[in-house]
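Please look over the sequence and the model shown here.

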Amino acid sequence: MTNLTSLELLRTLADARTRYEERFGWPVTIEVQPGRLVMRLGEVADAVVMPRRLGRDVLADLRIAMLAGPVLADGGGQWWMFLTRPACHAAPKHEDELRCIEVHPVPSGARVVVPCEFDAKNGCPWIEQPRALPRLPPWSAVIATARRIASIPRQRVPEHPGLHPSGVTHPPSAPVLPALA
């Protein structure tokens, strides 16, 4: 990397760090050698990580409850990280259940990488972009929503649009009405 490229990268990182602090109050720092922004969890924010398949439903429910906050995806998009208000630093209840449903509270003090970009069009890993909100969603709300959704049995989706799980075929546009007794 040339000195000019390094200088441009540092300017970009410094600008993004300033935006995070001014817009959201997040304590973001620059790691010069790897050229990235990181945020230490525990004081202003905490995080919960879960698989994308569960994260989609959790985010949808949090949106309905008007509790959706910033959500990041990993490089492959298979894991989502929900940023939350700081959790009480006691051990989480239902630890075995959370492990079974692949929900992982990120330990306080851990550092998470945050992207420089806020625009999803540039391949930014934000699933739900941060907004200048007064507060992040409660940690307990994200955990409770994930537990509730994971406990709901998944309905089997038919492979063919006109085939219902009962084996009766209907045209895709025909409504299915309950049988009258």
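**From a loop residue to the cores**

Glu-102 counts as partly exposed because its relative accessibility is 27%; the class covers residues between buried (under 20% relative accessible area) and exposed (over 50%), using a 1.4 Å probe and the protein chains only. Glu-102 lies in the loop between α3 and β6. Although Glu-102 is not a glycine, its phi is positive, about 65 degrees. A positive phi, of about 60 degrees, also occurs at Met-66, again not a glycine. Met-66 sits in the loop between α2 and β4 and is exposed, with a relative accessible area of 75%.

The model is predicted: local features need pLDDT of at least 70, side-chain atom pairs count only at pLDDT 80 or more, and totals for chains, interfaces and linings use all residues. Residues are numbered from 1 along each chain as its sequence is written, and side-chain values use heavy atoms, with hydrogens and water left out. The average pLDDT (the predictor's confidence in each residue, from 0 to 100) is 83 for the protein, and 75% of the residues score at least 70. Over residues 163–181 pLDDT stays under 50. For that stretch the model has 13 contacts (heavy atoms within 4.5 Å) beyond four places in sequence.

The protein has four helices and eight strands. These are DSSP runs numbered from the N terminus: H or I over at least four residues for helices, E over at least two for strands. Along the sequence the pattern reads α-β-β-β-α-β-β-α-β-β-β-α. Of the contacts between residues at least 6 apart in sequence, 71% join residues at least 24 apart. Buried residues make up 34% of the 181 residues. The accessible surface, from the Shrake-Rupley method with a 1.4 Å probe, is about 11,600 Å², and 56% of it belongs to carbon and sulfur atoms.

On β6, β3 has an antiparallel partner joined by two bridges, with Val-48 opposite Pro-105. Six of the six residues of β3 are buried, so the rest of the structure largely encloses this strand. β5 is also joined to β4 (residues 71–73) by three antiparallel bridges, where Leu-72 has Met-81 as its bridge partner.

Helix α4 (residues 139–151) comes next. Its 13 residues should span 18 Å at 1.5 Å a residue, and its end C-alpha atoms are 19 Å apart, which agrees; the expected span is 1.5 Å times one less than the number of residues. Trp-139, Ala-141, Val-142, Ile-143, Thr-145, Ala-146 and Ile-149 are the buried residues of α4. Their cover includes β3 (46–51), α2 (52–64), β5 (79–84), α3 (95–100) and β6 (104–105). Thr-145, in helix α4, is buried at a relative accessible area of 11%. Leaving aside residues up to four places away in sequence, Thr-145 touches Val-58, Asp-61 and Leu-62.

Another pairing joins β2 (residues 36–40) and β7, antiparallel over four bridges. Here Met-39 stands opposite Val-112 in β7. In a regular strand the side chains alternate between the two faces of the sheet.

Which residues touch the most other members of the largest nonpolar core? In this core of 21 residues they are Tyr-20, Trp-26, Leu-37 and Met-39. α1 (3–24), β2, β3, β5 and β7 each give two or more residues to this core, and the largest share, four residues, comes from α1. A second, separate core of 20 residues includes Met-50, Leu-54, Val-71 and Trp-80. A nonpolar core is a set of buried Ala, Val, Leu, Ile, Met, Phe, Trp, Tyr and Cys residues joined through side-chain atoms within 4.5 Å.

Technical notes. Two strands pair if DSSP finds at least two bridges between them.
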